[in-house]
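Okay, thanks for coming, everyone. Let me put the model up and then walk you through the parts I'd like us to look at.

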Amino acid sequence: QVQLVESGGGLVQPGGSLRLSCAASGLTLDTYAIGWFRQAPGKEREGVSCISSSSGSTYYADSVKGRFTISRDNAKNTVYLQMNSLKSEDTAVYYCAAGPRSLGLFRLCVKWNQPDFHFWGQGTQVTVSS
């Protein structure tokens, strides 16, 4: 059974940092691109960051460029999202998702085509508030 489990969310003050983890079981991550998405209350789910299967390419939404860093450790089957300089508008449930690299990075990490991400985690809440 394939599982993606996010962790590391929580309550943080504006300007603070959090590191999210996405641990995979039941699949080998090195054949998948991994995306981080988020959904704020009353808003649609949006792509935040994405990393290719080899870590050779990373992608970021304009709203998080320069503040968030995605990385992966295929040996640990885990992907990370380091979030710095957090703002109140970063408050959302954050999800990781796996999309097969065969679909191509353009569909997965540029177009953020969510149906192409076949496996999703349950989400972790990030709240940025003073």
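**Salt bridges, sheets and cores**

Let's start with a pair of charges: R107 and D116 make a salt bridge, and their closest N and O atoms sit 2.8 Å apart. By salt bridge I mean a Lys or Arg side-chain nitrogen within 4 Å of a carboxyl oxygen of Asp or Glu. D116 is buried, with 7% relative accessible area, while R107 counts as partly exposed at 37%. For the cut-offs, buried is under 20% relative accessible area, exposed is over 50%, and partly exposed is in between, using a 1.4 Å probe and protein chains only.

Quick housekeeping. This is a predicted model, so local features need pLDDT of at least 70 and side-chain atom pairs count only at pLDDT 80 or more, though totals for chains, interfaces and linings use all residues. Residues are numbered from 1 along each chain as its sequence is written, and side-chain values use heavy atoms, with hydrogens and water left out.

Back to the charges. By this rule, the salt bridges come to five. Which residues are linked in a network of them? That would be R38, E46, R67 and D90. R38 bridges to E46, with the closest N and O atoms 2.7 Å apart, and R38 also bridges to D90, where the closest N and O atoms are 2.9 Å apart. R38 lies in strand β4 and D90 in the loop between β8 and β9, so this pair ties together parts that are 52 residues apart in sequence. As for burial, R38 has a relative accessible area of 6% and is buried, D90 is buried at 0%, and E46 is partly exposed at 36%.

Now the strands. When I say strand, I mean a DSSP run of E with at least two residues, numbered from the N terminus, and two strands pair if DSSP finds at least two bridges between them. Four of them make an open sheet, in the order β1-β3-β8-β7, with antiparallel pairing. At the edges are β1 (3-7) and β7 (68-73), each with a single partner strand, so one side of each has no neighbour in the sheet. From one strand to the next, the twist averages 15°; the axes there are lines fitted to C-alpha atoms, and angles run from 0 to 180 degrees between N-to-C directions.

Inside that sheet, β3 (residues 18-25) and β8 (residues 78-83) pair antiparallel over six bridges.

The T78 side chain reaches the backbone oxygen of K76 at 2.9 Å. Not counting residues up to four places away in sequence, T78 touches S21, C22, A23, L29, R72 and D73, where contact means heavy atoms within 4.5 Å.

Over on β1 we have V5, which is partly exposed at 38% relative accessibility. Beyond the neighbours within four places in sequence, V5 is in contact with S21, C22, A23 and Q122.

Strand β4 (residues 32-39) and β5 pair antiparallel over five bridges, and I34 has I51 as its bridge partner in β5. That hairpin has six residues between the strands, and G42 there takes a positive phi near 75°. Then β5 and β6 (residues 58-60) pair antiparallel over three bridges, with Y59 in β6 as the partner of C50. Their hairpin also has six residues between the strands, and S55 takes a positive phi near 70°.

Last topic: the cores. A nonpolar core here is a set of buried Ala, Val, Leu, Ile, Met, Phe, Trp, Tyr and Cys residues joined through side-chain atoms within 4.5 Å. The largest has 28 residues, of which W36, F68, V79, L81, M83 and Y94 touch the most other members. At least two residues of this core come from each of β3, β4, β5, β7, β8, β9 (92-100) and β11 (124-128). There is also a second, separate core of eight residues, including A33, C50, A97 and C109. In soluble globular proteins, nonpolar side chains tend to be buried together.

Methods:
Helices (H or I, at least four residues) and strands (E, at least two) are DSSP runs, numbered from the N terminus. A polar contact is a pair of N or O atoms within 3.5 Å; within protein, one must be able to donate a hydrogen and the other to accept it, and residues adjacent in sequence count only if both atoms are side-chain atoms.
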